[in-house]
Amino acid sequence: MEQERQVFVTFGWPSWGRRYVWGGGAVVRRCWIHLWYMLAGAGFLVGIVVVGLSPPASAGVVVIGHESLTSLGSLDKNILGRIYTGRTVQVAGKAVQPVNLATGDAIRVVFIRETLRQSDDDYVAYWIVRRAIGKGAPPPEVNNIREMVEFIRSTPGAIGYLDASQIVPGVKVLLTLP
Amino acid sequence: MRATSTTILMKTVQTAVSACLALVLATGGHAAEYAISGFGSLGGAITDESTIYQRYMDDSGTLMRDSLLGVQLDAKFNDQWGAAAQVLIAPRTDEDTGVDPQCKWTFLSYRPANDWLFRLGRLSLGGLLNQQNMDVGVSYDLARLPNEVYLLSSAYDFDGMSIARTWNANAYEITLEGSFGVQDRDFRGYKNGSEAAIYYSTEVTGGGLVATISDFDRTMVRIGWHLTEIDPDNANGFLSKYNFVPLGDGRYTLGAPDYTSRVRVNTFFLGARVPLGEFLVSGECTAVRPADVDPAPPNISAYISVARKLGNWTPYLTHARIWTSEMDTWRRVRGASPVPLFGVTEVDIDDGASTMAIFEQNSSMLGFTYTFTPKQKLKAEVMRTHIGERSAMFDGNLAHEDVMVYSLSYSFAF
């Protein structure tokens with residue numbers, strides 16, 4: 001006995017009333033394929049992969065500094081913004097040296113957004129102009145948190161940032177950003 | 001005898017290098033921090049007119065108008081002292097052919113506190129919003145800064161000093177910058193009768209005050225004033241006044257002109273860049289007021305530009321205008337009758353009229369920038385320039401005509 005082989009594909013929301021025959025009605029085996037379900041499943045899988053590849057949920061960004069920065073007084077977002085845009089080079093009479101993670105780093109993106117309300121791209125563009133008008137070079141960049149911590153430990157006046165879950169001894173916590 | 005630009009360049013570099021070495025020694029041998037960066041643009045432009053526009057552009061196309069390459073060295077000797085040097089490879093400023101290296105920035109900086117900045121060396125005195133960064137194409141979205149306004153921008157690279165004081169508020173800062181310096185500069189003119197460009201070698205002494213209000217984002221308002229004194233190198237000095245000899249029947253010819261040993265120019269700037277909703281609106285105007293020289297009557301220029309960022313695309317629309325406020329002398333020169341017996345030929349009259357800095361034109365630009373990254377931009381623009389009675393930006397006697405300019409450029413920084 002010949003088996004029915006018919007492929008049906010549904011488009012849109014699953015509904016018995018919205019089925020369209022695909023394959024010219026060839027009937028060997030009846031197979032219902034709900035395209036919408038397939039897409040939903042694929043989206044679910046993609047979501048799992050993306051979440052799996054993303055960095056762990058941030059506990060917030062912590063601004064850290066060299067241990068000599070004990071008497072900075074209040075350090076707020078405005079002052080941090082000035083420091084990281086080259087407009088402030090001293091705080092409470094002490095020279096400060098900001099350091100950044102590399103462009104595109106997730107923690108850097110959060111830090112710049114929280115302190116300057118800018119995107120990383122806008123921040124890079126800002127420094128292109130500032131450098132071009134002869135008002136200094138952007139803060140030096142390090143490749144990862146380990147280098148950031150080393151730089152801050154070894155550079156008087158250095159200020160940087162890291163994820164709150166990555167705090168290590170030997171640096172002073174200056175401010176916690178939400 | 002006038003020092004050549006190469007000599008000036010060498011002296012500036014030598015002075016800066018000597019000062020840097022002295023500072024390195026003075027800092028007790030602490031290692032200085034250096035950072036090298038660069039920028040450039042490769043731009044092509046073509047017009048629908050055979051008459052050359054802005055030195056290079058005509059209907060055969062050119063890469064010279066919008067192409068250059070620059071390298072910058074920033075050094076930090078200690079918390080207060082630093083230095084910067086910027087060298088450009090760009091079209092020559094003393095003739096129409098070839099490129100050469102040009103020293104734009106070479107200065108020592110001293111910043112004793114947040115609010116003060118002292119700089120000594122070769123500086124670009126700011127006045128226009130993009131004057132100091134105009135060579136860095138990735139730092140703005142326009143394919144070409146409106147030449148109606150930026151025509152005078154290169155006249156402010158001085159060897160001298162500047163002092164800047166900044167006042168900070170929460171959301172913005174105010175900077176007042178005073179500067180003073182000298183430069184050797186070649187002013188270009190075009191003799192239409194002789195069909196040749198000429199360069200007047202001069203020594204320019206100048207200074208000014210510029211006040212800027214800016215926020216952390218894109219808002220900037222700037223107002224400024226520069227006073228410059230131009231001292232021509234040639235023995236006669238600058239032609240200051242045309243004299244006319246009546247011939248009867250209302251006809252006249254050119255007489256022996258008067259010359260002056262120096263020309264004083266007041267220049268006033270006003271500019272603003274303000275985000276308005278999703279749009280970024282920029283506008284600037286300048287008033288250039290030379291004192292009593294017929295070949296360079298006062299002029300006023302302005303532009304307004306509206307841009308909107310749509311993802312990586314930034315389309316923009318700009319309108320610019322420049323006009324000379326006193327054109328009567330130019331009209332009289334043009335209307336003079338040749339009298340070979342007096343040594344006044346048709347070519348002399350044409351040369352005399354065409355070398356006058358007379359501008360009556362406006363341009364509308366429609367373009368876009370595609371931003372690959374903040375350090376890479378592709379720009380395209382269509383510009384329509386309408387010439388009124390005369391525009392000295394064209395090497396020829398175009399009048400009451402429209403000229404289309406098509407531009408494509410790629411700008412980068414590293």
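A polar contact here is a pair of N or O atoms within 3.5 Å; within protein, one must be able to donate a hydrogen and the other to accept it, and residues adjacent in sequence count only if both atoms are side-chain atoms. By that rule, 15 residue pairs, both at pLDDT 80 or more, are in polar contact across the interface of chain B and chain A. pLDDT, for the record, is the predictor's confidence in each residue, from 0 to 100.

This is a predicted model, where local features need pLDDT of at least 70, side-chain atom pairs count only at pLDDT 80 or more, and totals for chains, interfaces and linings use all residues. Residues are numbered from 1 along each chain as its sequence is written, chains are lettered from A and ligands numbered from 1 in the order in which they are written, and side-chain values use heavy atoms, with hydrogens and water left out.

**Confidence**
- For the complex, the predictor reports an ipTM of 0.83 and a pTM of 0.82.
- Chain B has a mean pLDDT of 90, with 92% of its residues at 70 or more. Its residues 1–6 are below 50, and that stretch has eight contacts (heavy atoms within 4.5 Å) beyond near neighbours in sequence.
- Chain A comes in at a mean pLDDT of 75, with 65% of its residues reaching 70 or more.
- Residues 1–35 of chain A stay under 50, yet the model gives them 56 contacts beyond four places in sequence. Residues 48–57 of chain A are also below 50, and there the model has one contact beyond near neighbours in sequence.

**Where B meets A**
- Chain B puts 35 residues into the contact and chain A puts in 27.
- Together they bury about 2,500 Å², 48% of it on carbon and sulfur atoms. Buried area is the accessible area (1.4 Å probe) that two parts lose on being put together, summed over both.
- N114(B), F216(B) and P374(B) supply 28% of what chain B buries against chain A, more than any other three residues.
- Three salt bridges link the two chains, a salt bridge being a side-chain nitrogen of Lys or Arg within 4 Å of a carboxyl oxygen of Asp or Glu. E173(B) forms a salt bridge with R87(A), with the closest N and O atoms 3.8 Å apart.
- On the side of chain B that touches chain A, the elements giving two or more residues are β1 (33–47), β2 (68–76), β4 (99–113), β5 (116–124), β7 (172–191) and β8 (196–215). Helices (H or I, at least four residues) and strands (E, at least two) are DSSP runs, numbered from the N terminus.
- β4(B) gives the largest share of that side, five residues.
- That side of chain B divides into 13 nonpolar, 11 polar and 11 charged residues. Ala, Val, Leu, Ile, Met, Phe, Trp, Tyr, Cys and Pro count as nonpolar, Asp, Glu, Lys and Arg as charged, and the others, Gly among them, as polar.

- The structure holds 27 salt bridges over all chains.
- D115(B) forms a salt bridge with R165(B), the closest N and O atoms being 3.5 Å apart. D115(B) lies in the loop between β4 and β5, and R165(B) sits in strand β6 (residues 157–168), 50 residues apart.
- K309(B) is in the loop between β16 (299–308) and β17 (313–324). Leaving out residues up to four places away in sequence, K309(B) touches D122(A), E278(B) and T314(B).
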